[in-house]
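Please look over the sequence and structure before reading on.

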Amino acid sequence: MSPELLQKKEKIRKRLEPRIKELKFSLSRIKKSPLSMVGLCIILFFAIIALLAPVIAPPKYPYDPYRIPRYGYSATPKPPSWEHPFGTTEGQYDIFYGVIWGTRTAFRIGFMVVGSIMVIGIILGSLSGYYGGIIDEIIMRIVDTFMSIPTLILAMALVTALGHSLDKVMIALIIVGWPSYARLIRGDILSVREETYIEAARATGVSDFGIIFKHILPNAIYPLLIMASLDIGAMVLTAAALSFLGLGAPIGYADWGQMISFARNWIIGPPGKPLAYWYTVTIPGIFILLFVLGWNLLGDAFRDILDPKLRRK
Amino acid sequence: MKMTNYIIRRLLLIIPVLIGVSIIIFIILSLFSPEQRAAVFVTDVKQLRNIQSVIKKHGLDAPIYVQYFRWIVEVLHGNLGWSKTAERPVLDAFFYFLPNTIELGLFSAPLIILIGIYLGETSAVYRDKPIDHLSRIFAIVGWSLPSFWLGLMLLMIFYGYFSGLLPPEALGVQASLVVKSGNFVRFTRINTIDALLNRRWWIFLDALRHLILPVITLTIIDCAMVMRIMRSSMLEAMGKGYIITARAKGADERTVIKKHARRNAMIPVVTVSGYLFAMLMSGVVITETIFDRKGLGWWWARAAIQLDIPAVLGAVLFNGILFVLTNLIVDLLYAYFDPRVRLG
């Protein structure tokens, strides 16, 4: 290796060293916190299910794998059997297939919605905090307005207007969800805007864009990640509630919320066997609960581990 | 004098949010076709038979800003349109469904706040002890529970397994017959309170029996937030100088916690009560749907499914106003009790 290349390598190593050190520190903290390990394991478990869905539950309709296969048309659910490990729900939809492929739906909703609201929140929050004045005033009034209406009710109204489908649910949740991110980023930018290192960067001629993305955002990224982790759970929960109400996924689509709405008429079994149809409601519900719990545990642990104000204590 | 200034300033702050809410509602409204929008302007189902005349009369094909002002004038006159799911004008339907929802809130809000504060405080006082871990796990599981699933599970057990012990709906068949009959005076239209005022104890007990499951569902889901906030603010308060002073003066631990730490720690809980109300309303939509309690949430959920636009937009408006008002009251109380706010 030429000395030039070695020098370059050394330079990169030096630049990355503090970051690697911090990452190692964070990882060691995660390992020490049992709750965050549980959260991480739950998420990994679901990630594996989502990735291996075609192997675990081979689709009956390969061109449309999210359609839950039906085994007959009788309304009465059938209990778990060798063929249908979790039984079939109303209309003979296979519960096992539904919950496995529903994992993919949940990840898609969580990542799409939270990813989008993070981007929108970062852009609008940066504009608002960095430029201040009239832009700030307008954006913050919009944020106030959105935050004054309960998430579920505004999402319901939007879905009514946009149409009942899973994509529309995601759009509605994005419209409802961005304001809290914009507010968080704005607050962070306001608190560091007058710091001397920002002034120094400005004096050396770094552009506004560079200052926001290189100097301000990296300092604000941890609270953002914590909020995102908690929000993936919350958004999946709201989407499931909308599907449950009949405003989300079309009938027969692999979606946990909708599978519970199938079970609504089967809460009580025939006389003498009140819990005969327990599997129709219990199983999809446990999937939602664990998925959301995983993200919440992770987010909660992140809060203690990643927050620079708390981490070294 | 300072207080009056503060009140005026605070009242002026409401205006942009209310205008914002009206704009959001109007934007959602303009996503619909004029034919669909017509329902928002009529007060009588007969008018809907001649939609073209409604469109013409209210200028639904006029430029968008003209439409907005016409719509605002209608709203300010209390005309929110015709709700087809309730089969009456939106404002009437609102007052028709309100009592059942108030009843639900009346029973669950105090429970949510008391249990939340108690758990948060205990968990902060016994930090890292088993009770702390237990209540934190309770909070995080409550936070993650799908409310609709919890409600259905409770029904499966307490209505199915214990055959009919805690049934859905707001009243039993017999009780609702009596309530609807002539010799039962409906003072407030809130079942439990009316039953007490009429001295019909068995109706009161029946109404209570129907309330237990929805109240439990709402409480488990929502008290997690109160608990979390209380715990962290209690931890913060316990580290403050005045606590050390109190201990140094020889106050016993109970007085320190009750008189010095708890009072200060409760301020953040009061501050978020606006959000608590908003969360309660979201929860009400789900619980009322599951338990078939005919209240506001039940109506809104049905309205959203059946494309009852005026009802859904009325829900957004109502919740916006509720949030603004609760926050206003909280802020004014806050300023009244804490001179730093009003003078700062």
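## Two helices of chain A

In this predicted model, helix 9 of chain A touches helix 10 of chain A: Ala240(A), Ser243(A) and Phe244(A) of helix 9 meet Gly257(A), Gln258(A), Ile260(A) and Ser261(A) of helix 10. Sorted by class, this contact has three nonpolar and four polar residues, and no charged ones.

Helix 9 of chain A covers residues 208-245, and helix 10 of chain A covers residues 256-263. Their axes come within 7 Å and cross at roughly 35°. The crossing of helix 9 and helix 10 of chain A is right-handed.

## Two helices of chain B

In chain B, helix 6 (residues 130-144) and helix 10 (residues 201-238) have axes that come within 8 Å and cross at roughly 130°. Helix 6 of chain B is therefore oblique to helix 10 of chain B. This crossing of helix 6 and helix 10 of chain B is left-handed.

Helix 6 of chain B contributes Asp132(B), Ser135(B), Arg136(B), Phe138(B), Ala139(B), Ile140(B), Gly142(B) and Trp143(B) to the contact. From helix 10 of chain B come Ile220(B), Ile221(B), Cys223(B), Ala224(B), Met225(B), Met227(B), Arg228(B) and Arg231(B). By class, the contact of helix 6 with helix 10 of chain B holds ten nonpolar, two polar and four charged residues.

## The interface of chains A and B

How many residues of chain A are in contact with chain B? There are 46 in chain A, and they are in contact with 44 residues of chain B. Between them, chain A and chain B bury about 4,100 Å², with 80% of this area on carbon and sulfur atoms. On the chain A side, the residues that lose the most area to chain B are Ile153(A), Thr160(A) and Leu245(A), which together make up 13% of what that side buries.

One salt bridge is found across the interface of chain A and chain B. Asp300(A) and Arg228(B) are joined through their side chains in a salt bridge, with an N to O distance of 3.7 Å.

## Salt bridges in the whole structure

Over all chains, a search of the whole structure gives 16 salt bridges. One salt bridge pairs the side chains of Glu137(A) and Arg141(A), at 2.3 Å from N to O. Glu137(A) and Arg141(A) both belong to helix 5 of chain A, which spans residues 133-147. They are four residues apart, about one turn of the helix.

Technical notes:
Residues are numbered from 1 along each chain as its sequence is written. Chains are lettered from A and ligands numbered from 1 in the order in which they are written. This is a predicted model: local features need pLDDT of at least 70, side-chain atom pairs count only at pLDDT 80 or more; totals for chains, interfaces and linings use all residues. Side-chain values use heavy atoms; hydrogens and water are left out. Axes are lines fitted to C-alpha atoms, for helices over the stretch in contact, and angles run from 0 to 180 degrees between N-to-C directions. Angles under 35 degrees count as roughly parallel, over 145 as roughly antiparallel, 65 to 115 as roughly perpendicular and the rest as oblique. A crossing is left-handed if the near helix is turned anticlockwise from the far one by less than a right angle, and right-handed if clockwise. Contact means heavy atoms within 4.5 Å. Ala, Val, Leu, Ile, Met, Phe, Trp, Tyr, Cys and Pro count as nonpolar, Asp, Glu, Lys and Arg as charged, and the others, Gly among them, as polar. Buried area is the accessible area (1.4 Å probe) that two parts lose on being put together, summed over both. A salt bridge is a side-chain nitrogen of Lys or Arg within 4 Å of a carboxyl oxygen of Asp or Glu.
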